[in-house]
Amino acid sequence: MATLYVSPHPDDFRSLLALIAAEFCPSSRPRIISEDPPASLNARSRPALALTAAGDADSVLSGASAVAWYLAFQGKRAGVDSKQQSQVWQWLSFADNELTPVSCAVVFPLMGLQQTSRAEFMRVLKVLDQALAPRTYLVGESLTLADMAVATAVLLPFKYALEPSDRKAVTNVTRWFTTCINQPQFLKVLGEIALCEKVGPVTPTPNAAGKAAYVAVDSNSSAANGKPSPPFVNIRGLFCDSHALPDSYSPQYVEATWYPWWEKQGFFKPEFGRKSISEQNPRGIFMMCIPPPNVTGSLHLGHALTNAIQDCLTRWHRMRGETTLWNPGCDHAGIATQVVVEKKLKREKGLSRHDLGRENFIQEVWKWKNEKGDRIYHQLKKLGSSLDWDRACFTMDQKLSYAVQEAFIRMHDEGVIYRSKRLVNWSCTLNSAISDIEVDKKELSGRTLLPVPGYKEKVEFGVLVSFAYKVDGSDEEVIVATTRIETMLGDTAVAVHPADPRYQHLKGKFVLHPFCERKMPIVFDDFVDMNFGTGAVKITPAHDHNDYEVGERHNLAFINILDENGLLINVPPPFLGMKRFEARTAVLQALKDRGQFKEIKDNPMVVPVCSRSKDIVEPLLKPQWYVSCTEMGKQAADVVREGKLKIIPDHHLKTWFNWMDNIRDWCISRQLWWGHRIPAYFVTVNDPAVKPGEDMDGHYWVSGRSEEEAKEKAAKRFNVSVDKISLRQDEDVLDTWFSSGIFPFSIFGWPNESQDLNVFYPGTLLETGHDILFFWVARMVMMGLKLTGKLPFKEVYLHAVVRDAHGRKMSKSLGNVIDPLDVITGISLEGLHAQLTDSNLDPVEVEKAKQGQKSDYPNGIPECGTDALRFALCAYTSQGRDINLDVNRILGYRHFCNKLWNAVKFAMKTLGDNFVPSEKLSGEESVADRWILSRLSAAVALCDAGFKAYDFPAITTAVYNFWLYELCDVYLESVKPVFIKADEDSATQRQAEVCRQTLYTCLDVGLRLLSPLMPFVTEELYQRLPRRKPQTDPPSICVTSYPDTTEFCWNSEEVDRDMEFTMTVVKTIRSLRADYNLTKTRADCYLQCIDAATVSLLQKYSLQIQTLSYSQAVIPLTAEQPVPEGCAVAIASDRCTVNLMLKGLIDVEKEVTKLMTKKGDLEKQMEKLREKMAKNDYKEKVPAKVQEQDAEKLRQSQTELQKVTEAIENFKKMM
């Protein structure tokens, strides 16, 4: 491994350059040492890079440029070809020779080192500003060493010397610098950079990392008077008072600092703009709680989809003027968190939780939570989620914990929660029961060796072992089969179907267990499939869910053969004490030795695997706490049947009713330390008159808010004095889904009354993935009805599951798991590979995953930005249950953002600095104005209907089509001549002014339509626009009113129909121009019309046709008027024929020669293809897909030949 020697000084920009470059080569990142290199290396200066461990002089690089070049080259950030590499060198030279001297000259005087002028520095910066005007980055389309070198060269001035007014003078540089320092690699080295607010003397101060840092000090501040001063924060708004818009769109720049401003202004709080949340709002209330992510979690695309949809809905409701609350929260994630902290303890201190003890271990978990637990909150902010963070809740907070305790006690007192010994999903590694959602079902096609925690060798699964039981008192035997041969040690019966003729004579008979003196009855039960195997089934009631029910029906013995660690108990030697899968081999061999083994064969099966520990899940009999769900499940089904609760889309109703109508009781005990400890106590009565109780007996369990309360309950139950009661609190904690089930009302302080509870419960909507419909949604409905008598929400909207572009489930081993932040900021293929190296995958899976990444992302993932990701996820929700996410489509929406940017930039120039928007239409709008206002009204109506129906693709399509295909492609192009001629006379000036007002309305309303979907870029662009009512209009687009159909009702079917016809004519002219290669030449266009009405219509739209079709003149003609000779002809519709004048514009003979050659080539291709297809064995030997391709090629060639022939005929007429 290489070693990088850097300066420990936080403002040594040369060392910082090397460190940033190192972050871009994650697979070969060097070891970092903050001290001078050893003398033996002969390194002339820091930074220095020793390329080998031996450290001979020939393998040492010294100086920032040499070291950074080497590292950037390794990380593929030094240019993609020789031209780009030369450009990078050029910028390196610029940074070293021009920028660094003047940067130091500006900053050093603040440190008391030397004096100089700022003018020279600003001159150099303006050179850089000019170079950056059309670009996001200095070289190419992604960040390179050029950006790293120049950004670090100007780092100190931006921190200490460039005030807001200076930065306004170089907006392109500021935009580019902000983009750079917000890249993850820069952030990792530099942290958050606070830009200079006011120049003052620079003094060293320790930063969070304990290193010396410098902050600029205002002469009037407390720091100047000897008191510590906080670092300056770069508040967004430095550019908003200026209408200068950077020349190119950069997601990093746009998304860098709006969120803190929104949050600081309180826009996300329901109190914003009103005196009290309790005051009546005629527009209504919208409340939704977040599906609380696990505290251990980090963002994945499922979170991104959930939050994109929820934030769109929240922002829409907020813009509609409703009292809006989207309540954040985080789940304590019992098992996941305990596993993380246990691994950390083992890794760092070599301790287990048992070494620490329960209380100390819980303290360790809280410590971890306080250090790492809010990471996912920061990631949610990165997605633009407009949550009210002041109301953020954690399920282990005191408020929520009290609600959990209260819920348990009330339900236990009512008998809804009870104690029972039943089969549970048991993880031997975790020593805990786990919920069904934590069990992964691994499908096997046959014999497979799987790794199991605690076993050196892999264990065999996917085989069916057949063996015989001897019938007592006879020579007969009954053959049974099992995939878990070790469980035969716990068999207590053999079952056959009552109608099976093969076994009727064995009624009342027994079989003998080969390894103990157990006689096992042959029972007759309908559950047996007599057509499968021998029709006889071994019954292990204590270790199989089906067998458990058979055991209950036939009163069989329940023999538990496994302890909590997976060791065998209640079995004869030599199996006693064996590990379960070692016993598997031993039992098989023992059966062979006894001659009772029959056969072993491959068997497709599903193996239950614990998602947390990767252990094989065992059904195990344990005394646990259960929630009786029969009555609550019926209520939950009824509220949906009665229409009180709406589930969208309705194809999930079948699943809902299937679960609710067949619901089983819910096991809520977990054998963990981290979580809500069950407030139940086992009672021992110190009175000989009261017989001792058993753990299984619910009569001996009481619940209470405190031990004192529980004692009083117990004393009353057993009719003794309190002093005779001894209590033992249950060690177990509650299933995490229990606290999640009461989340919609526990967050508001239930069971205590509060303003929030009265205003916001019940909520409006629950939005989540359909995969947790039962685990979370159903339980919230059941517990809400049980504990509050109210539904927790009125509607449930279930979104799809995200898959990769090929439709495969996201899996680390496939290499297709995508971090949304990588889509937002971009990542190289090497960076994706490095993430796999840091994961827990085994080497074989890492290589497989790398191949998957290389196939899907050969050039890495490009920077798309948050807005494009959100828009893509919303656009994708039409794909039914699953979303096949293609990153290239997200990139397409990044280009859409660029189109928006350029459209607003053009419009800003067109509107001019003195533009004042009017409050209503003038009535003088042209046909183009009336058309775009009609299309705008249509977009408003579509978005309104889309949001109300949760039809997100309809919303994205409407707003995308309006901006791209109607505003940009048609309206902006068609009105350019109006602005060009604006100064000719008063009439044209007035026309241009009306056009500006229309354009402003389109921008204003279009951005507001888009705002819930793309909050960052719309805020950036909206802040550039003037306001209709500057004194009273809201400060941000996110609290501005959403366009409403009552206000924007300018739909005109007539105008739309006329413009549609006009565009058909335009497209026909464009097609003709393309056919005759008229790229730059303007031609006269004669439009022969069927009647006078069509002539009149085309005359009205002649300016639009001329502009959009790039024609010289547009002359509508009646059917009787002759068309001049020398025209190419095409039919636009049954009402209009297009005649494009070509005579005099092209060399006819040359064009005919070219077309004749092309015709000959086409005829040869077609002849060759026909010969191939005419061969006798063509249909038999050639694959069907190739035959289809050949037929399509022939069809295309025929069409092309027809066009070429027609063109030749037309040209000949001109000769």
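**Close-up 1. The largest cavity of the predicted model.** The largest cavity has a volume of about 90 Å³. A search of the whole structure finds 3 cavities of 30 Å³ or more. Residues lining the largest cavity are Phe 13, Arg 14, Leu 17, Ala 64, Ser 65, Leu 92, Ala 95, Asp 96, Thr 100, Ala 149, Thr 152 and Ala 153. At least two lining residues are supplied by each of helix 1 (13–23), helix 2 (64–74), helix 3 (82–107) and helix 5 (145–153). Helix 3 gives the largest share of this lining, 4 residues. Sorted by class, the lining has 7 nonpolar, 3 polar and 2 charged residues.

Close-up 2. Strand 1 (residues 3–5) pairs with strand 3 (residues 48–50) in the antiparallel sense, over 3 bridges. Leu 4 has Leu 49 of strand 3 as its bridge partner.

**Close-up 3. The contact of helix 13 with helix 15.** Two packed helices are described by the angle between their axes and the distance between the axes. The axes of helix 13 (residues 334–349) and helix 15 (residues 358–372) come within 10 Å and cross at roughly 100°. This angle makes helix 13 roughly perpendicular to helix 15. On the side of helix 13, the contact is made by Thr 337, Gln 338, Val 340, Val 341, Glu 342, Lys 344, Leu 345 and Lys 349. Helix 15 contributes Phe 361, Glu 364, Val 365 and Trp 368. The residues of this contact divide into 6 nonpolar, 2 polar and 4 charged.

Close-up 4. The 3 strands are in the order 29-28-30, with antiparallel pairing. Strand 29 (701–703) and strand 30 (725–729) are the edge strands, each pairing on one side only. The twist from one strand to the next averages 40°. Strand 28 (residues 680–685) and strand 30 run antiparallel and are joined by 5 bridges. Within this pair, Tyr 681 has Gln 729 of strand 30 as its bridge partner. Helix 17 (residues 398–413) packs on the sheet and touches strand 28 and strand 29; its direction makes about 135° with that of strand 29. Helix 22 (residues 707–718) also packs on the sheet, touching strand 28, strand 29 and strand 30, and its direction makes about 135° with that of strand 29.

Close-up 5. Pro 573 and Pro 574 are joined by a cis peptide bond, with omega about 5°. Pro 574 is placed in the loop between helix 18 (545–553) and helix 19 (580–594). A cis peptide bond also joins Tyr 761 and Pro 762, where omega is about 0°. The loop holding Pro 762 is between helix 25 (755–760) and strand 32 (765–769). Lys 614 is not a glycine, yet has a positive phi of about 65°. Lys 614 lies in the loop between strand 23 (605–610) and strand 24 (618–627).

Methods
Residues numbered from 1 in each chain as written. Predicted model: local features only at pLDDT ≥ 70, side-chain atom pairs only at ≥ 80, totals over all residues. Heavy atoms only, no water. 1 Å grid on protein atoms, 1.4 Å probe; cavity = no way out; pocket = protein on both sides within 12 Å on 5 of 7 lines; lining within 4 Å. Points joined across faces, edges and corners; volume = space filled by probe spheres on them. Nonpolar A, V, L, I, M, F, W, Y, C, P; charged D, E, K, R; others polar. Axes fitted to C-alpha atoms, helices over the stretch in contact; angles between N-to-C directions. Parallel < 35°, antiparallel > 145°, perpendicular 65-115°, else oblique. Contact = heavy atoms within 4.5 Å. Pairing = 2+ DSSP bridges.
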